[in-house]
Amino acid sequence: MTGHHEVTREPFEMVRKKKINLKESFFLSLIRMLGSAGAIILFIILSFVLYNGVHILSWDFISKPPIEAMTKGGIFPVIVGTVLLTFICMIVVIPIGVTTAIFLSEYSKPGLLLKTVMMSMYTLAGVPSVVFGLFGLAVFVVAFNFGMSLFAGSLTLAIMVLPYIISTSEEALKAVPYSFKEASLACGATKWQTIRKVILPTAMPGILTGAILGTAKVSGETAPIMFTAAAFFTPGVPKSLFEPIMALPYHIYVLATAGTHIEETRPVQYGTALTLIVLVLGMNLLGIILRSRQRKKRAW
Amino acid sequence: MVSSVGLVSVIVLLLIGFFLFKEAFYIFYKAGAMKVLFGTAWYPTYDPPSFGMLPLIMGTVVVTFLTAVMAIPLGIATAIYVAEIAHHRVKEFLKPLIEMLASFPSVVLGFFGMVVIAPILSNWLSPILAEKLPELLRSTNIPFISTTLADFCYNKLFIASGLNISTAALMLTVRAIPVISSIAEDALTAVPRTYREASYSLGANKWETILRVVIPASVSGLSVAVILGIGTIIGETMIVLMVAGGAAVIPYWIFDPARPMPAAIAAEMAEAPYQSLHYQALFGVGVLLLIFTFILSLISDFISRKYRAVRIGEKI
């Protein structure tokens with residue numbers, strides 16, 4: 001793919017080298033400069049958090065609970081909270097998301113229904129995260145009476161990440177070649193057998209990659225869990241689904257803005273921020289690497 | 001069975017709309033929709049309370065505008081760089097980097113704004129702009145510059161607090177660049193190769209081709225990118241909550257503090273008693289946010305349907 005790209009590109013490069021146009025080179029370098037701004041800013045923020053947080057990270061920091069009004073000790077229950085929140089969210093959202101994707105890619109026919117479903121997905125993807133938080137508060141916390149709890153927060157996050165899971169799963173399902181289906185159907189398999197035995201297994205790596213990237217998105221979210229799950233402090237790790245939890249993003253926010261020890265907890269804030277970044281970007285990187293390997297490995 | 005599950009996103013969206021309207025209905029009904037929407041006093045905890053949402057709405061509008069001014073050129077430029085200019089090795093490195101920036105936790109961006117950008121603005125930039133610069137201008141003794149311009153700098157460039165809408169806009173720009181650029185890049189890549197080849201064969205150089213051929217051919221996709229970027233900015237909560245300053249007044253200048261709508265919800269929900277007027281007013285703000293983003297989604301969906309611009313959905 002890239003090799004082909006190179007070959008066709010060559011003649012234009014030669015034309016370009018012949019006459020150096022001042023206006024052209026000015027604008028191209030301007031675009032280069034503006035275009036790398038995002039990457040540079042990411043680099044600056046990353047190195048800042050790394051510089052301030054790396055000497056705080058230690059085994060004790062990630063394995064011990066906070067002590068002395070959170071100015072000392074670790075963030076073990078906070079990490080556990082985020083991991084549980086994300087895990088339960090994924091357990092809830094993946095079956096629903098994948099089923100929806102199967103409907104969209106295998107069963108739906110073009111028409112008003114499909115249009116409505118797609119439209120609602122786009123809209124859902126654009127709804128602000130704080131609005132999901134309000135919804136979770138009104139429905140899961142109050143109407144279903146789950147209270148501020150791990151379960152309410154997970155369900156809120158599940159609804160938020162649903163459109164993403166649907167569209168990545170759908171993409172994975174659509175990438176399965178039509179000949180696979182034809183072969184299976186020709187062997188006498190029913191449509192459902194074909195989906196279960198041929199299409200889903202083939203699409204599974206893609207679906208899981210989408211889920212990993214979704215996990216990265218969910219674990220960094222603060223606004224949806226603010227009124228549905230997260231507490232300033234809980235004694236230890238949660239013992240049931242219906243207890244409030246501490247979570248990494250909320251921990252950063254609350255230590256940096258509320259309470260009487262904002263300056264004293266600064267090191268903990270940096271450490272928590274670094275932990276969150278490592279978690280989110282690590283998951284992200286894993287997903288991106290898996291995805292590009294799958295694309296390269298694809299033999300059909 | 002499968003087809004009923006297929007409707008799950010429709011049902012969820014309807015439920016969100018229903019529950020938000022249900023909780024918010026009473027505030028618009030009791031206090032009067034016009035009075036709530038265009039009232040300039042947001043004093044939810046006073047006695048009697050006042051729920052004029054205009055300061056919050058204007059906070060969002062002004063912050064979004066400031067951010068858009070920076071984020072749209074930077075986002076589009078990033079897309080052009082990645083799609084058209086960068087060597088394919090640089091591209092392979094930049095694309096995942098931008099994708100990672102897109103899922104960078106916004107609470108860390110807010111935290112960075114609080115501990116780095118805000119002190120830089122108030123402790124370092126403000127003395128230079130509001131003290132050193134006017135002094136320098138006054139000493140020049142040139143009519144307009146030494147009087148009007150110097151006074152302007154002295155009065156207007158003084159930054160009382162680093163937590164203001166400029167800092168918020170700066171951090172929101174970081175948040176919006178990857179959203180805009182990833183959609184815009186899709187739109188640029190979708191322009192057929194033959195268009196570029198035709199342009200080159202007529203003797204156009206690379207910049208002319210980008211400006212006159214590739215951008216016009218992908219303008220609908222680029223506008224979808226911009227609209228969805230604006231949607232992201234409007235709904236972004238943690239950054240405006242942490243660095244916008246939090247004052248519920250209409251901002252008139254770029255160094256004024258503000259309390260945009262998401263920040264109001266996030267900051268006040270914890271202290272609003274269940275089913276109180278304040279609680280309902282915050283749901284009212286949520287309804288407005290939902291309507292704003294719904295309109296933006298409708299527009300972008302319309303554009304991408306009509307012009308087959310880009311496949312949106314997995315990008316945000």
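A residue counts as buried when its relative accessible area is under 20%, as exposed when that is over 50%, and as partly exposed in between. Keep that handy as we walk through this predicted model.

Let's start with a pair of rings. Phe144(A) has 48% relative accessibility, so it is partly exposed. Phe146(A) comes in at 18%, so it counts as buried. The centres of these two rings are 5.8 Å apart and their planes meet at 70°, so the pair is edge-to-face. Chain B has an edge-to-face pair too: Tyr274(B) and Tyr279(B), with centres 5.2 Å apart and planes at 80°. Here Tyr274(B) is partly exposed at 47%, while Tyr279(B) is buried at 2%. Over all chains, there are 21 aromatic pairs. Some of them link up into a cluster whose members include Phe135(A), Phe144(A), Phe146(A) and Phe18(B).

Lys217(A) lies over the face of Tyr164(A), 4.8 Å from the ring centre, and the charged end of Arg138(B) sits over the ring of Tyr154(B), at 5.9 Å from its centre.

Now for the core. The largest nonpolar core has 178 residues, and Ile16(B) is one of those touching the most other members. Beyond its sequence neighbours within four places, Ile16(B) is in contact with residues including Phe132(A), Phe135(A) and Leu290(B). A second, separate core has eleven residues, among them Val176(A) and Leu200(A).

Finally, find helix α4 of chain B, residues 54-85. Its 32 residues should span 46 Å at 1.5 Å each, and its end C-alpha atoms are 44 Å apart, which agrees. There is a kink of about 35° in α4(B), centred on Ala68(B). Of its 32 residues, 24 are buried, so α4(B) is largely enclosed by the rest of the structure.

Note on methods:
Residues are numbered from 1 along each chain as its sequence is written. Chains are lettered from A and ligands numbered from 1 in the order in which they are written. This is a predicted model: local features need pLDDT of at least 70, side-chain atom pairs count only at pLDDT 80 or more; totals for chains, interfaces and linings use all residues. Side-chain values use heavy atoms; hydrogens and water are left out. Helices (H or I, at least four residues) and strands (E, at least two) are DSSP runs, numbered from the N terminus. The expected span of a helix is 1.5 Å times one less than its number of residues. The bend at a residue is the angle between axes fitted to the seven residues ending there and the seven starting there. Buried means under 20% relative accessible area, exposed over 50%, partly exposed in between (1.4 Å probe, protein chains only). A nonpolar core is a set of buried Ala, Val, Leu, Ile, Met, Phe, Trp, Tyr and Cys residues joined through side-chain atoms within 4.5 Å. Contact means heavy atoms within 4.5 Å. Rings of Phe, Tyr and Trp (its six-membered ring) pair if their centres lie within 6.5 Å; planes under 30 degrees apart count as stacked, over 60 as edge-to-face and the rest as tilted. A charge sits over a ring if NZ of Lys or CZ of Arg is within 6 Å of the ring centre and within 35 degrees of the ring normal.
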